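Keep the viewer open as you read.

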Amino acid sequence: MSLAECRSAGALEVKFVPDEDVLRHIADDAGIKVQKGKNQLIANTKRFVKKLEAISDDEAQEVLEEKSYVAVLGVCGEESMTNGSSVGGGEVYTFQTPKRSNKMAELASELAQTPGQSAVPDPSKCPEKTAKTPQSSKRSSSSQVQQKTKKNEFVSTTPYRLRKRLAAPDAQLESESEYSASCSEEEEGEEAQKEVSTVLSHQKTPAKTKAVSTPPSRKTLTKKKDNMNNLVEEYFEAHSSSKVLTSDRTLQKLRRKRLNQQTLHDLLQKSPLAYAAEIKELNQQYESLFSKWMLQLHLGFNIVLYGLGSKHDLLEKFRTSMLQDCVHLVVNGYFPSITVKSVLNSITEEVLDHIGTFRSPLDQLEFIVKRFKEDSSLELYVLIHNLDSQMLRGERSQQILAQLSSLPSIYLIASIDHINAPLMWDQAKQSLYNWLWYETTTFSPYVEETSYENSLLVQQSGSLALSSLTHVLRSLTPNARGIFRLLAQYQLENKDNASYPGLSFQDFYQQCREAFLVNSDLTLRAQLTEFRDHKLIRTKRGADGVEYLLIPVDDSTLSDFLEKEDEDI
Amino acid sequence: MSTRSLSKGCFVFKPSPKKRKVSRTTAYYFREGSSDLEDSELRFATCQSLQKQVKSETEQIEEELNEQLFDNLVSFLRRSHSAFQEKKTEWTCRTKSREIPTAALVLGVNVTDHDFTFRSLSEVLQNNVTPYIALLEAKDCPGIKNLMQKLLGQLMNCCIDVDSSEEEDYEHVSRSRVRCSMTTLINWYESATKRTDSETPGKKRTSSRHWQSPPVVVIFKDMESFTTKVLQDFVVISSQHIGEFPLVLIFGIATSPMIIHSLLPHSVSSLLCIELFQSLSCKDHLSTIIDKILLTTQFPLKLSEKVLQVLINIFLYHDFSVQNFIKGFQLCIVEHFHSNPLSVLCCQLEEAKRRVNSLSHNQCENVRRLPSFRRYVESQVSEKQIALLTVDSSLKEAVQKLLEDLNVYHENYFPILRCLHVFTSSLPKYPLGKQIRELHCACLENRVWETEEYESSLQLARMLNKSDLVTMLQKCVEILVSSPGREFDEIVEKLKEFLTQFQKLEEAYQERDESISPQKELQKKTNLYHLQKTLLELKESRRSKKLTKFEMLRFEVVDYIDSLVRHYLVPADHKTLHEIVYFNTASVLREHLNAAPRIALHTALNNPYSYLKSEVL
C-alpha cells in the first residue's frame, strides 16, 4: 500500500526534471557519440514514466481492492495481535516473485529521481562508500568476506564503473550509463542496479546506507524496528530475492567432514540454546492456555497448533499437567512407521479392550464410532504430534482421523509443522475436524521429531547393513554367494557412473552362465527371488522394459563386504 | 511412562481405576482458565444456556428452510411411487416405459453443509417414506462395481436396522459373499418386502410408517464428481430392472441442472424422468440466520462490527458454509463469557438487574474500569461522580438504569434498522448495501448519517416516485407495528399521517389534471429562435419553480426518516456499558478460525523479535 504511495511520489518527481536540463548536461559533458545514446535513453525514460503512470493506476485500484479485503479480515485492525500474525499476506507471498511491472515502474522512478539529485555533485561518494563497508561488516564476519569480494569484483570486472568513479562529478550521467549497461548486460545489470541504489541512498539518507550496503545481513535486519518502507529498499528487496544468494560453504568443505552420532549429540548438547529466557517466557505464555484448551475441547472444538519450533514438549507438558486422570492416546506422527491402522488398533485394543481383528480400517472406525456412541461415559483425548507427517498426511488417513475427531467424546489436539499442512484438508475434512487454530511459536529445536532421521553431519557407518549382508549370505549355497558376488563386483565397477541403472537381467544371466553358476534362467530367477526376500537386491524396470538389478547398499559397505568375503575364501 | 520409543508410535495411557476420578466437568475448566474468578459459574451457566438457545434456534431455522424442499421431494416420491404401483398391475405399461424417476436437487457449491442437508433428508425419508435409502459419494465409487457394492451394503444394512438382530450375522455373511449384481438387489428387495408383509403384529408400527412396497431411494451426493461411465452404466443397468422394483434416484447437483445432460448422453438421459428441485442458496440461508439470530433482541449477546465482518468474510471468501458461521458465533459466545468477567450481566434484562444487585466489590471495580462507563461518569456532575466511583450501591443503581437504557436502545435499533433497510435496499446501486447485514455493519461502525453513502442514499430517496414511497412507508408501518418497542406508537402515527397525505395528494392531482400543460404552448411556435427562447424560459422557470406539494411531502418524509436514523441508529460503542453485551475482539476470532500458519512461520523466521522481545534481536 505504501508502495503505491512511494511510486506515485516518484511519478510526481518526474515533473520537475525538465528534458532540456538533462540534454544540457549531456551536451556539456559527453561527446556526440554518447549523446546519441542518451537521447534514446531520454526517450526511454519518457516511455517509462508513461508506463509507470499506467501501472500505478492499475496498481492503485488493485491495492485498493486488496486493502478493503484485508481490512475487513481485520489484518490491519487496530487490535494488537498478541503474536506476530499482523504481517499481511502480501509481505509473505510476493517476496519470491516480484512483479515485472513493479520492477519497471521502480526502475523508471529511480531514473527519474537521479537527475533531480544530480544538481549537487558528490565527489566524496567513493571514499565514503569504501569507508562504510568495513563499518557495516563488523556485524558479521561472514558478510565481511562476501562484501570484500564483491567490491573487488566491481572494480576489476567492470571497467565502465571504474571510469564512472573517476568521473565522479557527473553523477547524473553515470547513473544513466549504468542503467544502459544494465539493460544490455543481464548479469552485470544486477550489480549495477544495486550500485545505483547504494548511490542513491548515500545521497538521500546516509542513515540508511548501513542497511543497504550489507546485502547478506540486510534481510534479517530491516524488518526489525525500522519499518521504513523506502522505495529504494523495496526495489532492492525485489531484486535481491530474484537472485538467490546461495552460500557455497557446503558440508564438503568442512575440515572434519562427518562426525559420529555420539559426538554430534554431545556437541549439540554443549551449545546453549540462544535466547533461552525469552523462549521460556514464550512457552509459559502458551502454558497458561492449557485450561482454555481443555474448555474448548470439551465444547466440541479440536485444537491444532502451528508455528515455528517443536511443539512436542508443549504438548507433553499439556499431557502431564491436564490429562493425568483421563484416558488418553499419544500418537507420534513423526514415527517413521506409524499408520492410521496402528492408531485405530491402539484405540480398539487398548482403550476399548476389544480382541479381534477388522477387515478394513473403515470397519474398525465404524466399530469405534459405535462404541463411543453407545457408551457416553467413554472419553478419549488424542494427542497427535505432527499430524502432517509423511505417514499420516494421506487423504485416507486424514479422512479417518477427521471422522474420529468429529466424535463428541473424542478430543483431539494436534500439531502441524509443514508450511503447506493446511492443504491436507478440504472443506469436508475441515468441518469434520472443527479446528480451532492456536499459534504456538516455540523456537525450540525439533530434537524428538528428527530423531528418526539421518543427520547430514553424521557419518553413516553402514555396519548394520554389512553384518546383515554377511549373515544372510552365510546361510546360502556357494553358488548363490557367487551370484551375489558377481552382482556386487559389477556394481562396484560402475560406482563412478552416476546414472548406473543396475545390471540388466539378461547380461547378468550371461555372466552367471559363463561363471558356471546357473544353468538356466529359471534357477537364476529362483536365486534372485531369495535375495529379494531378504532385501539384498532391488529390481526395477527401466524405460525399455528391461529388468535391472541393484544392491541397495552404499559402495563403501559393499567393498567392505567383498574384502571380507575374499578373506573368508 | 515415556512417549519415546523406537518401536512404537502410539501410546495409550489409562489411569488406574482407583485413581480415576470423576472426570472434571467443562465448568471446571471454564473456571480454571477464565481471566477472573468472579462469578465464573454463573457465567458458565449463562454461556451454556445461551449456546443451547442459539443451537436450537438455528436448527429450527434450518428445519423451516428445508421443510418446503423436503415436502416437495416426498410428494415427488409419492407420485413416482404410485406410478410404479399402477405399473405393477398394467403389464403393458411395465414393458413399455423404462424411465427411472429422478429428482435433480440443485444445491449450490458448498459441500459441507450439504452433508447436513442430505442427512436430514434421509432422516425425513426414513421416517416417512421408505427404509431403503442409499447415500453414495463419488469418492467411494470409482467404478460401477464399487458403486454396487456400496449400494447393496447400505441397503442391506438399513434393512438390518429394521429387522431383529438375530438375522444380523446371516445378513453380514451373505453380503460379503453375495455377488453384487442387480439380480441380487432385486431378490433382496423381494424378500425384504415379503418379510415386511408377513411381519408379526408387533412390528406393524414400523411398516405402517412406510408405504407399501417402499421405493428404493439412491442419493448421489455429488453428481458432478462421479465419472460419466459409472453413472451411465448404473442408469442403463437399473433401467433394465425398473419394472421389477421401484427405484428412485436423487442427484445432488452443485452447478446447474444442465450438467445432467452434459454428463450423460442423450440415450442415457432419456432413461431418466427428471424433476428439478431447487434448494435455498447458502447466501439466503445466511441472511435468514443473521436476521433471526443477530438482528433480534432475543439473544443478549451482540457482535461488534469487526467481529461480524470477520465472520461474514470467512463465509463469503472461504467456505460459503452456514455451519461454520454458526460455529464462529458459538466461539464468540464462549470467548465473550470466558474472557469478560462482566459478561455475567449479559443476559435478559430482568435477570441482569437481579445480578447487578449481587455484584461483588471487585466486579464493581471492573465496571468502573470500563471506558464507556468512565465516559459516562465524566459527563455527570461532580457529586454524582464521586458517588459512582466510591459507593457501590449507587453504582449498582446507575448500572441498572444504564442496562435498561441499553435494552431500550436495542429494542428500538433493530426495527428502525429494518425500516432504513426498506428504504435503502430499493435505491439504485445500493449505496448502503443490498443486504441488511451490510447496513447493520455500517451503522455499528460509526455514525451512519455522517457517511457519504448515507448522504447519497438520502438524495436518491428524495427522488423516489410516489408509489414506491407509499409501499415503503407501508412496509415500515408493518415492521414497527410488529416490533415490541414501546416508543413506536408515535412514529407509526406519523407515518400513517404521511400515508394519508399521499392519498389526499392523489385526489388533488386528479382535479388538477385539466390544467394546460406547457407542451401545448410549445407547439404553437414554429420559429427556431422562439423555440429556443421558450425552452430556456421553461428551464428557468422550472429551476425556480416552487416545489409541488408532492415534492414537499417527499422531502418531509425523507427528513423524518433521517431524524429517526439520527435518533435511534447511534453506533453501539457510543452507548454506555456496551462492553457487557458486545463481543468485539475480532482478532481472537480471526486467529482461531482463519489462521495463517504460513505467515506465522514467516514472521518467526524473519522477525523473531516479534515473538521473543529480546533487546539483542
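This is a predicted model: local features need pLDDT of at least 70, side-chain atom pairs count only at pLDDT 80 or more; totals for chains, interfaces and linings use all residues.

Residues are numbered from 1 along each chain as its sequence is written, chains are lettered from A and ligands numbered from 1 in the order written, and side-chain values use heavy atoms, leaving out hydrogens and water.

Start inside. A nonpolar core here is a set of buried Ala, Val, Leu, Ile, Met, Phe, Trp, Tyr and Cys residues joined through side-chain atoms within 4.5 Å; buried means under 20% relative accessible area, exposed over 50%, and partly exposed in between (1.4 Å probe, protein chains only). The largest such core has 185 residues, and A:Phe318 and B:Phe373 have the most contacts inside it. Its largest share, 15 residues, comes from helix 19 (residues 392-424) of chain B. Helices are DSSP runs of H or I with at least four residues, strands are runs of E with at least two, and both are numbered from the N terminus.

Next, the helix pair. Helix 16 (residues 290-298) of chain A packs on helix 14 (residues 322-339) of chain B at about 145°, with the axes 12 Å apart. Those axes are lines fitted to C-alpha atoms over the stretch in contact, and the angle runs from 0 to 180 degrees between N-to-C directions. Contact means heavy atoms within 4.5 Å, and A:Lys292, A:Leu295 and A:Gln296 meet B:Leu331, B:Val334, B:Glu335 and B:His338 here.

Now for charges. In one of them, A:Lys317 and A:Glu287 bring their closest N and O atoms to 3.1 Å. A:Lys317 sits in helix 17 (residues 312-322) and A:Glu287 in helix 15 (residues 276-287) of chain A, so this pair ties together parts 30 residues apart in sequence. A:Glu395 and A:Lys429 also form a salt bridge, at 3.1 Å from N to O; A:Lys429 is buried at 2%, whereas A:Glu395 is partly exposed at 44%.

Finally, the backbone. A:Asn434 has a positive phi of about 55° without being a glycine, and is buried at 18%. B:Phe320, also not a glycine, has a positive phi of about 60° and is partly exposed at 28%.

Key. A salt bridge is a side-chain nitrogen of Lys or Arg within 4 Å of a carboxyl oxygen of Asp or Glu.
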